[in-house]
Amino acid sequence: MRAEDEWGAAVGALLVRRLDARPGSRLCLPTGDTPEPAYAAFAALGGSLAATDVFLLDEFLLPDGHQARCDVMLRRMLLDRLEEAPRRFHRLDVGAADLDAECARYDTLAAARPFDLILLGLGSNGHIGLNEPGIAGDSATRVVKLHPGTVEHAAHYGKGARPEFGVTLGMKAILASHEVWLLVTGRHKAEILERALTGPIGPDVPASYLQRHPDVTVFADTPAAELLSS
Ligand code: PGA
């Protein structure tokens with residue numbers, strides 16, 4: 001088994017158990033390269049979201065159905081692989097005529113009952129969701145201008161996409177979640193993971209705000225964890 005599949009199998013199995021034990025959970029999910037092996041394992045193990053309300057973490061301002069859209073990625077890497085649809089599936093509608101109002105709607109929905117569990121990837125620049133460096137720790141769900149590195153990275157999700165803007169669940173809603181699983185793989189994430197977990201808390205590395213959260217579990221593979229002492 002490839003190391004990344006082994007990591008994915010472990011995380012996927014834990015997610016199956018976690019959701020089976022607590023039907024009715026509100027679960028917020030990321031997309032991107034990192035969670036894919038975990039989602040594949042979740043599906044292969046017969047995991048179900050039929051009793052779970054799923055929320056998508058963020059979205060790029062790209063046309064409906066674009067291969068690099070987060071909703072399309074989540075369907076491709078997880079939802080389409082499951083026998084049943086989630087109990088509910090919520091996402092930010094980037095086609096809305098008034099995007100600020102759409103972000104406010106999503107923020108209110110998230111605040112109504114904090115997520116039981118949120119899974120997060122870690123951007124190479126320290127972002128979580130699309131909360132880019134410079135963001136305040138209590139930011140609301142909103143439209144964001146993406147950093148050049150994020151735009152660059154999105155291109156490989158499909159068809160050379162170059163979204164300049166995105167929408168993201170804000171830091172406030174992320175930090176209000178009862179439990180956080182931070183998923184990090186690859187040696188190229190080792191420095192930023194170390195900074196996020198042990199560096200100063202602040203806007204330079206948005207993931208550093210997670211140090212203030214009481215229940216964060218970091219699922220890092222061996223290369224990503226290389227600079228951590230314990
Ligand atoms: P990746 O993206 O999983 O594709 O590396 C993570 C992120 O940018 O949040």
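How many helices and strands does the protein chain have? I counted seven helices and nine strands in the protein chain, taking helices (H or I, at least four residues) and strands (E, at least two) as DSSP runs numbered from the N terminus. The radius of gyration is 16 Å, close to the 17 Å of the globule rule for 230 residues, so the chain is as compact as a globular protein of that length. That radius is taken over C-alpha atoms, and the rule is 2.2 Å times the number of residues to the power 0.38.

**Ground rules.** I noted that this is a predicted model, where local features need pLDDT of at least 70, side-chain atom pairs count only at pLDDT 80 or more, and totals for chains, interfaces and linings use all residues. Residues are numbered from 1 along each chain as its sequence is written, and side-chain values use heavy atoms, with hydrogens and water left out.

**Whole chain.** The C-alpha atoms fill a box of roughly 45 × 40 × 35 Å along the principal axes. Buried residues make up 53% of the 230 residues; buried means under 20% relative accessible area, exposed over 50%, and partly exposed in between (1.4 Å probe, protein chains only). I also looked up contacts (heavy atoms within 4.5 Å). Of those with a separation of 6 or more, 76% are between residues 24 or more positions apart.

**Helix 1.** I checked the length of helix 1 (residues 3-21) first. At 1.5 Å a residue, its 19 residues should span 27 Å, and the end C-alpha atoms are 27 Å apart, which agrees. The expected span is 1.5 Å times one less than the number of residues. Which residues of helix 1 are buried? They are Trp7, Gly8, Val11, Gly12, Leu15, Val16, Arg18 and Leu19. They cover an arc of only 170° around the axis, which puts them on the same side of helix 1; the arc is that of the directions from the helix axis to the C-beta atoms. The face turned away carries the exposed residues Ala3, Arg17, Asp20 and Ala21. I then asked what the buried residues of helix 1 pack against, and the list includes helix 2 (36-44), strand 5 (117-120) and strand 8 (180-184).

**Strand 8.** Three bridges join strand 5 to strand 8, and the two run parallel; strands pair if DSSP finds at least two bridges between them. Isoleucine 118 has valine 180 as its bridge partner in strand 8. Strand 8 is also joined to strand 9 by five bridges, again parallel, with valine 184 partnered by alanine 220 in strand 9.

**Helix 5 and its cover.** In helix 5 (residues 148-155) I found Thr150, Val151, Ala154 and Ala155 buried. They cover an arc of only 150° around the axis, which puts them on the same side of helix 5. Pro148 and Gly149 are exposed on the face turned away. What covers the buried residues of helix 5 includes strand 3 (58-60). Strand 3 is joined to strand 7 (residues 165-168) by three bridges and runs antiparallel to it, with phenylalanine 60 opposite glycine 166.
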